[in-house]
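Okay, thanks for coming, everyone.

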Amino acid sequence: MSFKDTKVVIVGCGNVGSTTAYTLLNQGLCEELVLIDMNREKAEGEVLDLQHAVYFMNRNMKVKLGDYADCRDADIVIITASAPMDLKATNRLDMLAPTKKVMKSIVGSIMDSGFDGILLVISNPVDIMTYYAWKLSGLPKNQVIGSGTTLDMARLSCELSKLFELDAKSVSCYIIGEHGDSEVVSWNSATIGGKQLLDVMKDNQERAKDATLEKLRKDTIDAGWQIFHRKGNTSYGIAASVTAIVKSILFDENRILPVCVHLDGQYGLNDVYLSVPTILDRNGAKEIVEIKLTPEEQKALEHSADVVGSYYEALK
């Protein structure tokens with residue numbers, strides 16, 4: 001797959017969709033970028049704005065206003081659309097009922113086009129919506145992926161980098177399970193510069209100050225809400241994380257990211273969509289990486305699976 005053969009469609013031109021479009025454009029990741037939204041006037045405005053931005057980009061990408069027929073030959077369709085977020089909401093699962101109707105309509109329209117590429121779901125609650133999109137689409141499980149905890153991983157890395165005054169990219173830590181309150185940090189596999197994070201915290205107690213593992217986990221979960229309640233949405237971080245996922249797929253990078261994928265026996269879990277470290281290539285979810293968890297982490301992951309799975313009945 002080369003740049004000249006790639007096409008990405010974004011369904012939903014709200015804050016997340018439009019910011020994702022700009023981030024993809026800024027990195028010049030595909031030849032053609034198509035925007036779809038039920039508010040066609042808004043989508044057309046975004047397209048015109050992006051077309052003007054292309055003038056200053058390194059690659060001459062095509063940006064166009066489209067409809068669901070454009071999904072037919074797309075390599076990736078990104079679903080960002082969801083029901084409007086309630087400013088009083090405290091849990092992503094609160095979005096299940098209203099977003100379910102939106103997702104059913106969108107996936108049906110996408111599949112009616114003859115689409116057979118990678119379906120990338122961002123809409124919250126992302127774990128449940130990704131499972132629902134997979135069921136609705138009939139696509140192979142490797143072709144339906146959720147953005148999952150990729151952004152959570154970055155948020156925790158940033159917190160740890162501030163704590164120890166380091167570049168966040170020197171931190172390696174995976175967050176698994178639900179993208180939400182029951183998510184699990186695999187402290188057992190977390191490292192800073194190749195050194196176990198638990199040893200770093202032990203050897204640098206003065207720097208670590210009052211930081212505890214549970215406080216760091218809760219701060220990571222709360223980070224999105226801190227942004228949301230201040231500006232009404234989160235957009236830059238999620239757009240950048242989705243772009244990293246798209247890049248790994250389109251450029252066949254085989255990068256490992258904690259995305260939301262279908263588990264079929266991995267980690268002892270079955271028929272559930274959760275975030276785990278996954279190798280991403282041009283076929284989507286190439287391979288799930290099973291990192292070593294402590295008994296406590298395994299139990300917490302099983303609990304997270306139960307939380308997510310308990311909502312599947314509501315999808316019927």
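Let's start with strand β10, residues 191–192, which is joined to β11 by 2 bridges, the two running antiparallel. Strands here are DSSP runs of E, at least two residues, and helices are runs of H or I, at least four residues, both numbered from the N terminus. Two strands count as paired if DSSP finds at least two bridges between them. If you want a spot to look at, threonine 191 sits opposite glutamine 196 in β11.

Before I go on: this is a predicted model, so local features need pLDDT of at least 70 and side-chain atom pairs count only at pLDDT 80 or more, while totals for chains, interfaces and linings use all residues. Numbering runs from 1 along each chain as its sequence is written, and side-chain values use heavy atoms, with hydrogens and water left out.

As a reminder, strands of a sheet pair through backbone hydrogen bonds, either parallel or antiparallel.

Now the charged pairs. By salt bridge I mean a side-chain nitrogen of Lys or Arg within 4 Å of a carboxyl oxygen of Asp or Glu, and the structure holds 13 of them.

One involves lysine 195, which pairs with aspartate 203, closest N and O atoms 2.8 Å apart.

Next, helix α8, residues 213–231: aspartate 219 and lysine 215 both lie in it, 4 residues apart, about one turn of the helix. Their side chains meet in a salt bridge, 2.9 Å from N to O. Aspartate 219 is partly exposed at 30%, and so is lysine 215 at 39%.

Then there's lysine 247 with glutamate 253, a salt bridge at 2.5 Å, N to O. Lysine 247 comes out partly exposed at 29%, and glutamate 253 partly exposed at 30%.

Last one: Lys7, Lys64, Asp70 and Asp73 are linked in a network of salt bridges. That's me done, thanks.

Note on methods. Buried means under 20% relative accessible area, exposed over 50%, partly exposed in between (1.4 Å probe, protein chains only).
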